[in-house]
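I opened a new notebook page for this structure.

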Amino acid sequence: MELTDADLVARVLVDEDQHAFGELVRRHQSSVRGLLRQLTRTDFALADDLAQEAFLKAYKHIRSFRGEARFSTWLYRIAYNVFREDARRKKELVGIDEDVLQAEQDPSTVDPGLRQDLMHALSLLPLHERTAVLLCCQSGLSHDEASRVLDIPLGTVKTNVLRGREKLKKTLAAWATN
Amino acid sequence: MDTVNDIDELDRQLRDAAPYIDDAGFTRRVMATLPSPGVRRQRVRAAILLSITVLASLLAYVLSGGGRFVGESVMRIGQLGPLGLLYGAAAFALLITGLGVVAFLSRDRDLRVGVWSRN
């Protein structure tokens, strides 16, 4: 029988069982790295470094996980905070110039497949909308969970998801007609 | 306004567009950066066990009249016949073997518990 995330966390807490934590990393590495790859606009090396830092923080602060939320939600919150700290350090979050960033995206590099179109369209969204769409639509978090991860009001999450979806659909529709 | 079908379709496409990222040594790298498991807790556990052992030994020593029973036991063993010595040795060997088997099974159980974490 496969142990649940809560069982594994309990083992880490009680026995300081690093094998149990390793299993948690194995289970969630793909989703955490995927989220960070999207947030960093597909900078894989940076995303993996941030993911590694996020898991290390999760291990060190695992006592603060009280099981009120899913372990994955708690992990996303840490990963998002690690990303924000890194972005803040690099002055990419505070005073971010979205126009410049969007101009860096070259439409001619878009691949014809839908999957590539979608991910490219997603990378064109502003950070706050991209993050909300990623968490709610791709990672399957509820709006309430996403608001806890992002530490913003529930209404803001809903607005960001709605706007992000609308922009995605418009972008995809525009590319489809070209 | 989005219809439910539009939203579902876009969400489905987004989920499909997120490929599973192969571990490719990522977990190993994370594990290598973790601090070593609680040395302090192990020391506390060892100190408690040692204290209990010392206390129990002192108690046994006092209650047995200063360990006089040890000398008496040795005398009794010395008075045993060859058959008695044989039975005694066999019982002692069985006891040691039993303890060894228990220790082995305990270790084996720990290893089996660790199997899931490597799969």
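**Entry 1: the chains.** I noted at the start that this is a predicted model. I then looked up the secondary structure of chain A, which comes to nine helices and zero strands. From the N terminus on, I read its elements as α-α-α-α-α-α-α-α-α. Chain B has five helices and zero strands, and along its sequence I wrote down α-α-α-α-α.

**Entry 2: burial.** I asked what share of each chain counts as buried. For chain A the value is 38% of 178 residues. For chain B it is 3% of 119 residues. I also looked at contacts in chain A between residues at least 6 apart in sequence, and found that 60% of them join residues at least 24 apart.

**Entry 3: where the chains meet.** I listed the contact between the chains: 27 residues come from chain A and 25 residues from chain B. On the chain B side, α1 (4-16), α2 (26-33) and α5 (82-118) each supply at least two residues. I sorted the chain B residues that touch chain A by type and got 13 nonpolar, six polar and six charged.

Entry 4: I looked up how helix α1 (residues 5-15) of chain A lies against helix α2 (residues 18-39) of chain A. Their axes come within 8 Å and cross at roughly 145°, and the crossing of α1(A) past α2(A) is left-handed. Which residues meet there, from α1(A) and from α2(A)? From α1(A) I noted A:D5, A:L8, A:R11 and A:V12, and from α2(A) I noted A:A20, A:F21, A:E23 and A:L24. By type, the residues of this contact are five nonpolar, no polar and three charged.

**Entry 5: helix α3 of chain A.** Helix α3 (residues 44-60) of chain A has 17 residues, and I found that it reaches 24 Å from its first C-alpha to its last, close to the 24 Å expected. I then listed its buried residues: A:A47, A:D48, A:L50, A:A51, A:Q52, A:A54, A:F55, A:A58 and A:Y59. What covers the buried residues of α3(A) includes α2 and α4 (71-89) of chain A, together with α2 of chain B.

**Entry 6: the nonpolar core.** The largest nonpolar core here has 48 residues. The residues with the most contacts inside this core are A:L36, A:A54, A:A79 and A:V133.

**Entry 7: two positive phi angles.** I checked A:D151, whose phi is near 60°, a positive value in a residue other than glycine. A:D151 sits in the loop between α8 (143-150) and α9 (154-177) of chain A. Is A:D151 buried or exposed? A:D151 is exposed, because 10 other C-beta atoms lie within 10 Å and the cut-off for exposed is 12 or fewer.

I also checked B:A24, which is not a glycine and has a positive phi of about 45°. B:A24 is in the loop between α1 and α2 of chain B. B:A24 counts as exposed because it has 10 C-beta neighbours inside 10 Å.

Technical notes
Residues numbered from 1 in each chain as written. Chains lettered and ligands numbered in written order. Predicted model: local features only at pLDDT ≥ 70, side-chain atom pairs only at ≥ 80, totals over all residues. Axes fitted to C-alpha atoms, helices over the stretch in contact; angles between N-to-C directions. Helix = DSSP H or I, 4+ residues; strand = E, 2+ residues; numbered from the N terminus. Left-handed = near helix turned anticlockwise from the far one by under 90°. Contact = placed C-beta atoms within 7 Å. Nonpolar A, V, L, I, M, F, W, Y, C, P; charged D, E, K, R; others polar. Expected span 1.5 Å × (residues − 1). Buried ≥ 20, exposed ≤ 12 C-beta atoms within 10 Å, placed from the backbone. Core = buried A, V, L, I, M, F, W, Y, C linked by C-beta atoms within 7 Å.
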